[in-house]
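Hi there,

Here is the structure I promised to pass on. Have a look at it first, and then read my notes below.

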Amino acid sequence: MTKAFLVAAAISLAAAPAYAAKAKKSDAPRKEKKTETTPAPKPPDTSLDFDLLGDATPKVSAAEAARQLEIENQVKLRRGMLLWHQALGIATWVGLGATEVVGQLELSDKYGGGGDSGRYLVPHEALALTTAALFAAVGTLGLLAPTPYKRPFKLDTTTLHKIAMSVATAGMLAQVALGFLAASREGQLDQRTFAAAHQISGYVTLGAMSVGAVVLVF
Amino acid sequence: MRKILLLGVLFPFAALAQQPATFSGEGGTVSYKLVHKFHEMTGVSRSVEAKARVLPEGTIQVAARAKVDSFDSGNANRDAHMLEAVEGTKFPAVEVKMVAQGVALPAKFPAEVKAHFKGAVVFHGVQQPQQMDAALKFSDPGHAEVVGGFALSIEAFGIERPSLVFVKVDDDLKISVDLKMKKDSP
């Protein structure tokens with residue numbers, strides 16, 4: 001009896017559509033000849049009027065709305081500050097390069113057979129002070145820009161940029177100090193030593209700034 | 001009497017064959033690719049909510065949702081910049097709803113079926129129509145993988161394109177989808 005039931009169940013899976021069609025045929029009136037009309041197939045549902053995931057949008061409370069507004073304001077401020085950070089950063093990089101070139105000319109004029117005319121001294125000092133001021137402004141903007149969307153620490157391009165600019169900051173401070181020191185040793189035998197140290201710190205600063213810029217952009 | 005008994009056995013099984021089937025997401029990724037003049041950026045989200053419903057006439061309805069702060073490009077600053085651009089606090093998720101018609105579901109497994117989806121994407125509070133060609137890979141009747149992709153216009157969703165060194169990213173945002181789905185038990 002159980003076997004017969006199982007066999008019937010297995011057959012029904014295969015024969016269900018055929019059986020349904022046969023059942024329909026036997027219901028049709030025998031005397032009248034009518035053409036059977038199969039119902040028109042249901043048009044496929046193309047509408048997006050379905051909800052499989054539920055509404056995830058949380059209702060915004062007054063406190064949450066205020067927080068969102070605060071974040072918006074911080075984002076606007078951040079974007080503005082970083083725009084200036086980029087613009088002044090490029091200007092600082094160019095200025096530092098020009099300072100290095102004029103500084104090298106000054107060094108060659110003083111110790112490289114240039115006759116120590118002193119004609120590059122004032123331009124070098126002017127460029128150096130302007131670049132140092134720009135560097136300070138750029139660094140301040142970068143450090144003080146708000147971070148409304150905090151992300152976990154990663155060793156990524158931004159971190160490398162910050163490391164390189166930290167080296168550049170140390171180099172900038174060193175070369176400003178060494179520059180004043182070298183200038184104060186005019187006529188002394190050790191002036192050339194301080195000038196060389198000032199030159200090296202200048203190149204290190206420019207190199208670090210270049211690395212800091214390149215890692216962020218590319 | 002025997003005929004009635006047989007009918008009682010036949011019709012429940014016939015009814016089961018006509019039921020819609022629902023699949024839920026169990027893993028998978030959604031990723032975006034953004035191009036800047038100086039570099040490319042790919043962000044991947046592994047926290048995707050997805051559900052699909054297969055209707056008897058071969059219609060497949062799919063809905064998927066991913067939180068914008070779940071996308072990780074490997075660069076924290078760029079991820080933060082992305083959240084700023086899409087106003088992640090106000091519009092925390094990107095959603096997709098699509099329908100494919102006339103999909104011939106496989107009888108043998110494993111199998112792969114192509115489907116063309118039409119629907120919409122909701123991003124940054126803006127809804128835009130979207131289409132996607134996808135491959136539905138069935139390892140068995142209860143498991144499927146949806147692999148597909150499409151391209152969006154950032155500005156079409158009211159998003160200001162981010163820039164770096166005063167150069168904006170391309171407007172084109174390429175989306176890739178790889179969703180693993182499991183059939184829900186009835």
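Let's start with chain A, which has five helices and zero strands (helices are DSSP runs of H or I with at least four residues, strands are runs of E with at least two, and both are numbered from the N terminus). Read along the sequence, its pattern is α-α-α-α-α. Of the 218 residues in chain A, 28% are buried. Buried here means under 20% relative accessible area, exposed means over 50%, and partly exposed is in between, with a 1.4 Å probe and protein chains only.

Before going further, a word on the ground rules. This is a predicted model, in which local features need pLDDT of at least 70 and side-chain atom pairs count only at pLDDT 80 or more, while totals for chains, interfaces and linings use all residues. Residues are numbered from 1 along each chain as its sequence is written, chains are lettered from A and ligands numbered from 1 in the order in which they are written, and side-chain values use heavy atoms, leaving out hydrogens and water.

**The nonpolar patch on chain A**

A:Phe153, A:Leu155, A:Leu160, A:Ile163, A:Val167, A:Ile200 and A:Val204 make a nonpolar surface patch of about 730 Å². The most comes from α4(A), with three residues. A:Leu160 lies in helix α4 of chain A and is partly exposed, at a relative accessible area of 40%. As for the rule, patch residues have over 30% relative accessible area and no salt bridge; nonpolar side chains (Val, Leu, Ile, Met, Phe, Trp, Tyr) are joined within 5 Å, and like charges within 9 Å. The areas come from the Shrake-Rupley method with a 1.4 Å probe, and for residues only the protein chains shown count as cover.

**Strands in chain B**

Now over to chain B, where strand pairing is the main topic. Two strands pair if DSSP finds at least two bridges between them. Strand β4 (residues 60-67) of chain B is largely enclosed by the rest of the structure, because seven of its eight residues are buried. Strand β3 (residues 48-54) of chain B runs antiparallel to β4(B), joined by seven bridges, and B:Lys51 has B:Ala63 as its bridge partner in β4(B). β3(B) and β4(B) form a hairpin with five residues between them, and B:Gly58 in the turn has a positive phi of about 90°. β4(B) is also joined to β5(B) by eight bridges, again antiparallel; here B:Ile60 is partnered by B:Ala100.

Then there is strand β11 (residues 172-183) of chain B, which is antiparallel to strand β1 (residues 21-35) of chain B, with 10 bridges. B:Val30 finds its bridge partner in B:Val177 of β11(B). β11(B) pairs with strand β8 (residues 143-153) of chain B as well, in the antiparallel sense over 11 bridges, and B:Leu179 is the partner of B:Val146 there.

**A loop and some rings**

B:Ala104 sits in the loop between β5 and β6 of chain B and is exposed, at 58% relative accessible area. Its C-alpha atom is 34 Å from that of B:Val68, 36 residues away along the chain.

How many aromatic pairs are there over all chains? The count comes to four, where rings of Phe, Tyr and Trp (its six-membered ring) pair if their centres lie within 6.5 Å, and planes under 30 degrees apart count as stacked, over 60 as edge-to-face and the rest as tilted. One of them is B:Phe109 with B:Phe138, edge-to-face at 6.2 Å centre to centre and 65° between the planes. B:Phe109 is in the loop between β5 (93-100) and β6 (111-123) of chain B, and B:Phe138 is in strand β7 (residues 126-140) of chain B, so the pair links distant parts of the chain, 29 residues apart. B:Phe109 is partly exposed at 30%, whereas B:Phe138 is buried at 8%.

**Charges**

The charged end of B:Lys97 sits over the ring of A:Phe50, 5.3 Å from its centre (the rule asks for NZ of Lys or CZ of Arg within 6 Å of the ring centre and within 35 degrees of the ring normal). There are 18 salt bridges over all chains, each a side-chain nitrogen of Lys or Arg within 4 Å of a carboxyl oxygen of Asp or Glu. Among them is A:Arg185 with A:Asp190, at 3.1 Å from N to O. A:Glu72, B:Glu87 and B:Lys90 are linked in a network of salt bridges.

Cheers
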